[in-house]
Structures are given as C-alpha cells and as structure tokens.
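Here is a short report on a single protein chain. Please have the sequence and the coordinates to hand.

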Amino acid sequence: MLNLLNKYLEKKRLSYSEQLENNTEIIHQYILNVFKIVEGMGKNKHFLRLLSTCDQETYTINHPIFSNVLEELRSVFEVNDDVYLTFISIKANEDSLDNFGRSRQHECKIGLRESYLMSERSWYKETDKVYGKPTMTLPYRDTSGSYIISFTKAIFNKKKEIIGVVGLDINLYNILKNINSPFRYLIVASRGEILFDSKEVSSNIYQSKFNLMMLVKPDVFYSIMNNEMNNVFTHFDNKKRTIH
C-alpha cells in the first residue's frame with residue numbers, strides 16, 4: 001500500500017520542464033501585475049499636473065501640490081508590500097521625488113549630493129521613450145547595496161514630448177521569494193546579465209552583495225549567450241528573459 005502511494009505521489013510531482021514552465025508563468029504574471037501599478041501611476045491626476053506645470057526654475061518641494069504628490073507616492077508604496085520605493089521624475093528641472101519626500105534637487109542644494117540629472121540615470125535610459133510602455137530595467141545596485149529592478153513609464157504632454165517618468169523600485173529579493181523550486185536554475189536577461197539563480201546562491205547575492213556577473217563560470221556564460229542550453233523563453237515588454 002505504501003509503495004502504491006509513493007508511486008502515485010511520484011507521478012504527481014512536477015517534472016523539471018513543468019517546474020520551469022510554472023516558474024516562468026509566476027514571474028511573468030508578477031511583472032505584469034507590477035506593470036499595471038505603474039500604468040495606474042501614469043494616469044494619476046496629481047502626477048500629471050506636477051509634470052505639466054514644472055519648468056526649469058521650479059523648486060519641487062515648494063510646488064503648490066508637492067504635498068498631494070507626496071501623499072500619492074506614499075499611497076502606492078504603502079498598499080504594495082513588495083515595493084521598495086516609488087518615485088516621480090521631472091524632465092523640466094531634472095529632479096526626482098520619492099515616497100519618503102526626498103527631492104534630489106533639494107539634496108543637491110543642502111550638500112547631500114554633488115549633482116543629479118534624471119537623464120543620466122540607468123532606469124531613465126532604459127525607459128521606453130517612444131511608445132511610453134511600462135518598462136523594467138535589469139538589476140542594478142543602489143546606494144544601500146541592494147539589487148534593484150526599476151519599473152517605469154514615460155509621461156508625455158500634448159505635443160508628444162516627454163515631461164517626466166513615474167515608477168517604482170522592487171528589491172530583487174522580493175521577486176526571488178515568489179519562486180519555490182528545488183531545482184537549480186538561472187534567469188538571465190537577453191544580453192546575458194544574471195537576474196538570479198537558485199535560492200541558495202541568490203540569498204548570497206542579497207546578503208553578501210556578490211557581483212551578479214560572477215555567478216557563472218565563463219564557459220557557462222558562453223553557453224548561455226549562445227543558447228546552447230535547454231531554454232524556456234518568455235517576453236516582458238519585448239525584452240527576452242531566459243530560464244535555464
């Protein structure tokens with residue numbers, strides 16, 4: 001009887017390929033859900049008003065609706081447990097404001113930063129500035145040492161000119177916790193950058209701040225780049241993500 005039960009349970013276990021497909025779908029849905037949040041931010045009336053009324057001389061924290069914008073940023077932050085930071089960035093004065101009320105422009109003025117230009121930030125460079133679709137960046141290390149993925153959306157005026165970007169940051173570890181698999185695997189971006197692998201090594205990324213590019217040996221990296229492994233592909237906003 002016990003042997004029959006074990007055979008039954010063995011049949012019910014997910015195969016390797018089934019587990020990969022399952023994890024692919026989990027990640028896919030997770031990212032689509034984050035995109036929906038960012039889409040909602042892009043329609044927020046306070047965000048749109050701030051971006052459309054700022055000019056080069058505007059000092060963000062003195063703007064008439066600063067408190068309203070801050071309240072909205074905090075609202076998005078507080079109702080989404082995985083969100084690390086929410087922000088709005090203003091093209092006119094190259095400033096960014098986050099849910100903690102920190103203005104990069106103000107930080108420069110009081111000496112906490114030497115300089116800040118929104119246009120030089122990696123998340124801005126990777127934002128879809130043609131069609132304004134929600135965009136996700138590759139992982140990068142922020143000032144706290146954590147690996148972050150930014151989800152952004154460009155905002156346009158009636159002349160179809162970019163007036164700013166809204167977005168949020170999610171800690172890589174919060175995406176990782178959605179994956180539950182006994183298998184070792186890698187999730188790799190289309191250019192070969194490692195998003196994360198199995199939980200054991202990924203925890204080391206989070207705790208020890210390892211360099212993401214050092215997680216695989218050169219020969220493995222070469223195989224990844226040349227698609228020499230069994231792959232399951234999925235697409236997020238035209239950016240291929242690969243599960244090995």
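What share of the contacts in the protein chain with a separation of 6 or more comes from residues 24 or more positions apart? The share is 57%, where contact means heavy atoms within 4.5 Å.

This is a predicted model, in which local features need pLDDT of at least 70 and side-chain atom pairs count only at pLDDT 80 or more, while totals for chains, interfaces and linings use all residues. Residues are numbered from 1 along each chain as its sequence is written, and side-chain values use heavy atoms, with hydrogens and water left out.

**Overall make-up.** The protein chain has 9 helices and 10 strands. Both are DSSP runs numbered from the N terminus: helices are H or I with at least four residues, strands are E with at least two. Of the 244 residues, 48% are buried. Buried means under 20% relative accessible area, exposed over 50%, and partly exposed in between, with a 1.4 Å probe and protein chains only.

| Residue | Relative accessibility | Class |
|---|---|---|
| Cys54 | 11% | buried |
| Cys108 | 24% | partly exposed |
| Met118 | 0% | buried |

The whole structure holds 0 disulfides, a disulfide being a pair of cysteine sulfur atoms within 2.5 Å.

**Asp95.** This residue sits in strand β2, residues 95–98. Asp95 is buried but has no salt bridge. That term requires a side-chain nitrogen of Lys or Arg within 4 Å of a carboxyl oxygen of Asp or Glu. The nearest side chain of opposite charge is Arg104, 6.6 Å away. Lys and Arg count as positive, Asp and Glu as negative; His and the chain ends are not counted. The Asp95 side chain does make a polar contact of 2.5 Å with that of Thr60. A polar contact is a pair of N or O atoms within 3.5 Å; within protein, one must be able to donate a hydrogen and the other to accept it, and residues adjacent in sequence count only if both atoms are side-chain atoms. Beyond four places in sequence, Asp95 also touches residues including Ile88, Ser103 and Tyr116.

**Met118.** This residue lies in the loop between α5 (104–109) and α6 (122–126). Its contacts beyond four places in sequence include Ser89, Ile90 and Trp123.

**Helix α3.** In residues 45–53, His46, Phe47, Leu50 and Leu51 are buried. Lys45 and Ser52, on the other side of α3, are exposed.
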